[in-house]
Each structure stands twice: as C-alpha cells, then as structure tokens.
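Hi there,

Here is the structure I promised to send over. Please have a look at it first, and then read on for my notes.

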Amino acid sequence: MKLSVYHTPELIPAESLPHTAVVIDVLRATTTIATALNFGAEAVATYSSIENLIQEGRSWPDNKRLLAGERGGSKVPGCDLGNSPLEFSSEQMKDKRLFISTTNGTRAIESVGRATNVLAAAFVNHKATIKYLLEKNPESVWLVGSGWEGTYSLEDTALAGALAKSLLENGKVPISIENDEVLASVALYSQWKDNLLELFHQASHGKRLLRLGGEQDLKYCASLDIIDTLPIQKESGVFVKLAP
C-alpha cells in the first residue's frame with residue numbers, strides 16, 4: 001500500500017488520483033457524516049455549494065430529507081441543521097437523506113470524488129477506517145485533510161497521523177511511505193494522542209468553534225472509536241454506511 005498525506009485539497013497532485021481517498025474534516029464534516037449514518041440516515045449527499053444543496057435537497061419529499069448547511073462554523077439560514085454532530089438523533093435521522101454543505105469538508109470530498117473509493121474518516125470511526133484499509137489493501141491511499149479555507153489544520157493532520165500510525169504498525173500489510181507529510185502527521189499525533197481535546201483547544205478552528213459555543217462538539221469530535229460506521233461514496237458526492 002502506497003500511503004500519502006495531503007494537508008489540504010489544494011496540495012493534492014494535479015491530474016492524479018489514488019485508488020482510495022480518505023477525506024478528513026474532524027471539525028466537523030466527516031465526524032458529522034459518520035454520525036448521521038450511524039443514526040440511520042439512508043445516505044448523506046454532500047455539496048460544495050449551498051445553492052446546489054438547497055436545490056437538490058428540496059427536490060426530495062419533505063419527510064425524507066434534512067438540509068444541513070454551515071459557513072464559518074454557523075448554520076446557514078434556510079437549512080434545518082448546521083454542522084454539529086450533536087444536533088442529530090436516531091429518531092430524527094432514521095431513513096432520511098441528509099443533504100450537507102460545509103465550509104471545508106464537502107469541498108475536500110469534491111476534490112477527490114473521482115477516486116475509485118472515497119471514505120469519510122474521523123476520530124470517532126478511526127478503527128472502522130483502519131479495518132477497511134487493511135482488509136482491502138488498496139494499491140494507493142491518500143489521507144486528505146480539509147484544512148480551513150485552503151490553510152493547514154492541526155486536527156485533520158492529527159487524525160491523518162493516527163491513521164498512518166495504525167497502518168504502519170499493523171504488521172501484516174506492507175506500507176510504502178510516499179511523502180514526508182506521513183511521518184510529520186504521525187509525529188504530531190504521537191505528541192498529542194493522550195490529550196486530543198487540548199490540541200483541539202489550541203487549533204485555530206477549535207478556537208473558532210469555542211467562540212461559537214462549541215465546547216461539547218470538540219469533546220465529541222475528540223472521542224476515539226465510539227462508532228463503527230464507515231461512510232463510503234456510493235455515487236458522486238453521496239455516502240452510505242459500508243455494509244458489514
């Protein structure tokens with residue numbers, strides 16, 4: 001397995017795609033997508049554009065969809081929900097399709113959407129992500145952080161490091177390190193693995209969410225392996241729960 005880490009979508013190689021792309025937006029899109037599917041959503045449809053989200057979402061029956069829109073950390077007017085995974089419940093999500101657009105995560109998904117397989121990873125489903133990658137052993141894997149409007153983010157790199165560390169230590173599947181960012185991300189995660197919440201408090205986006213009252217979101221997003229749901233792209237931009 002050839003393993004690469006890219007801190008933001010802007011840094012991925014032009015005219016190239018991996019077999020499997022793992023999109024990371026810890027705060028909060030990929031955490032939210034995994035949580036929605038874990039609560040029984042039929043699927044999660046992702047959009048980089050709020051306009052497309054609303055247009056496509058409203059084409060579905062009212063009782064079969066929810067619209068989630070976020071910009072700058074806050075809910076977009078006209079949407080049912082923002083981008084907090086704590087807004088969701090099994091009663092609310094059961095058998096509905098979630099239409100979601102966020103500042104960074106859905107844009108990152110779009111950037112690698114043509115890869116053979118696209119996964120959405122977070123700390124909450126780290127173990128499920130690793131299990132899939134080791135079982136499938138794809139030829140090439142990109143761990144792609146979403147960052148913040150084109151800039152680096154600590155929390156996404158920390159998760160890339162957690163995933164890379166688990167892969168490198170698996171002892172069964174040979175891993176080829178394809179860029180320096182793999183080792184850098186492992187080093188970051190290794191330093192903070194016992195205090196992820198404090199790292200989130202230090203991160204620029206974590207501070208942004210704290211100013212918006214998002215302390216509980218940070219705690220949830222820093223929780224390791226609390227769900228076993230792995231979102232996988234079924235069709236362009238649409239994620240479903242990976243079947244057992």
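Phe123 is buried, with a relative accessible area of 0%; buried here means under 20% relative accessible area, exposed over 50% and partly exposed in between, using a 1.4 Å probe and protein chains only. Before going further, note that this is a predicted model, in which local features need pLDDT of at least 70, side-chain atom pairs count only at pLDDT 80 or more, and totals for chains, interfaces and linings use all residues. Residues are numbered from 1 along each chain as its sequence is written, and side-chain values use heavy atoms, with hydrogens and water left out.

Rings of Phe, Tyr and Trp (its six-membered ring) pair if their centres lie within 6.5 Å; planes under 30 degrees apart count as stacked, over 60 as edge-to-face and the rest as tilted. The count by this rule is five aromatic pairs. One of them is Phe123 with Tyr189, a stacked pair at 6.5 Å centre to centre with 25° between the planes. Phe123 lies in the loop between E7 and helix H5 (126-136) and Tyr189 in helix H7, so this pair ties together parts 66 residues apart in sequence. (Helices, H or I with at least four residues, and strands, E with at least two, are DSSP runs numbered from the N terminus.) Phe123 and Tyr189 are both buried. Phe123 also pairs with Phe200: the ring centres are 6.1 Å apart and the planes at 50°, so that pair is tilted. Because Phe200 sits in helix H8 (residues 196-202) and Phe123 in the loop between E7 and H5, the pair ties together parts 77 residues apart in sequence. Phe200 is buried too, with a relative accessible area of 0%.

**Strand E7**

How many residues of strand E7 (residues 117-121) are buried? Five of the five are, so the strand is largely enclosed by the rest of the structure. Strand E2 (residues 20-24) runs parallel to E7 and is joined to it by five bridges; two strands pair if DSSP finds at least two bridges between them. Val23 stands opposite Ala120 in E7.

**Elsewhere**

Helix H6 (residues 154-168) is mostly covered, with 11 of its 15 residues buried, including Glu155, Leu159 and Leu167. In helix H7 (residues 180-192) you will find Glu181, which counts as partly exposed at 25% relative accessibility.
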